[in-house]
Amino acid sequence: MAIKTINKITTNDEGTSSPVDCPVCGRNVAMRLFSTEDTTPVAKISSEDKSLAVAVCPRCASVFSLNKNYLKEKNAGTYVTITKEDLTLTVKGK
């Protein structure tokens with residue numbers, strides 16, 4: 001399901017990741033994955049990539065930016081496993 005915001009940013013639910021130990025809470029969880037894309041005219045003419053991949057821990061609600069190659073490979077049908085190196089803490093949860 002895609003959610004379009006007032007800022008013309010589309011957020012897509014990308015499912016769940018393979019199990020990984022959350023860097024914040026330490027629990028082994030399947031992270032919830034989301035991708036965003038800016039569809040404004042400025043983003044379309046700009047050569048800068050405005051898309052973002054995000055992973056959320058279901059236990060502590062920490063938000064991580066995700067290596068874009070992970071989602072690209074996952075969406076292509078390749079079996080990939082997520083590692084702590086693929087995650088960069090953005091917002092620390094409980």
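**Entry 1: the pocket**

I began with the largest pocket, and I noted that α2 gives the largest share of its lining, four residues. A pocket here is an open set of points on a 1 Å grid over the protein atoms alone, where a 1.4 Å probe fits and protein lies on both sides within 12 Å along at least five of seven lines, and lining residues have an atom within 4 Å of a point. Helices (H or I, at least four residues) and strands (E, at least two) are DSSP runs numbered from the N terminus.

Before going on, I wrote down that this is a predicted model, in which local features need pLDDT of at least 70 and side-chain atom pairs count only at pLDDT 80 or more, while totals for chains, interfaces and linings use all residues. Residues are numbered from 1 along each chain as its sequence is written, and side-chain values use heavy atoms, with hydrogens and water left out.

I then looked up the volume of the largest pocket, which is about 180 Å³, counted as the space filled by probe spheres set on the grid points. Of the 13 lining residues, I found that Ser35, Thr36, Ser51, Leu52 and Leu71 are the closest to the centre. At least two lining residues come from each of β2 (9-21), β3, β4 and α2. Sorted by class, the lining holds six polar, four charged and three nonpolar residues.

**Entry 2: the whole chain**

I went along the protein and noted two helices and six strands, which follow one another from the N terminus in the order β-β-β-α-β-β-α-β. Of the 94 residues in the protein, 29% are buried, where buried means under 20% relative accessible area, exposed over 50% and partly exposed in between, with a 1.4 Å probe and protein chains only. Taking the contacts (heavy atoms within 4.5 Å) between residues at least 6 apart in sequence, I noted that 47% join residues at least 24 apart.

**Entry 3: the core**

Which residues of the largest nonpolar core touch the most other members? I found Cys22, Met31, Leu33, Cys57, Phe64, Leu66 and Leu87, out of 16 residues in this core. The elements that give two or more residues to the core are β3, β4 (52-56), β5 (63-66) and α2 (68-75), and β3 has the largest share, with three residues. A nonpolar core is a set of buried Ala, Val, Leu, Ile, Met, Phe, Trp, Tyr and Cys residues joined through side-chain atoms within 4.5 Å.

Is Glu14 buried or exposed? I noted that Glu14, a residue of strand β2, counts as buried because its relative accessible area is 17%. The side chain of Glu14 makes a polar contact with the side chain of Asn75 at 3.4 Å; such a contact is a pair of N or O atoms within 3.5 Å, one able to donate a hydrogen and the other to accept it, and residues adjacent in sequence count only if both atoms are side-chain atoms. Beyond four places in sequence, Glu14 also touches residues that include Leu33, Ser35, Leu71 and Lys74. I looked up the C-alpha atoms of Glu14 and Arg32 as well, which are separated by 7.6 Å although the residues are 18 apart along the chain.

At the start of α2, I saw that a side-chain oxygen of Asn67 reaches to within 3.0 Å of the backbone nitrogen of Asn69. After α2 comes Gly77, with a positive phi near 95°.

Glu37 sits in strand β3 (residues 28-38) and is partly exposed, because its relative accessible area is 45%. Not counting residues up to four places away in sequence, I found that Glu37 touches Lys8, Ile9, Thr10 and Ser51.

Ala61 lies in the loop between β4 and β5, and I noted its phi near 65°, a positive value in a residue other than glycine. Ala61 is partly exposed, because its relative accessible area is 45%.

Val91 belongs to strand β6 (residues 87-91), and its C-alpha atom is separated by 5.0 Å from that of Val63, 28 residues apart along the chain. With a relative accessible area of 44%, Val91 is partly exposed.

Lys84, in the loop between α2 and β6, counts as partly exposed at 44% relative accessibility. Leaving aside neighbours within four places in sequence, I found Lys84 in contact with Val20, Asp21 and Pro23.

Key: Nonpolar A, V, L, I, M, F, W, Y, C, P; charged D, E, K, R; others polar.
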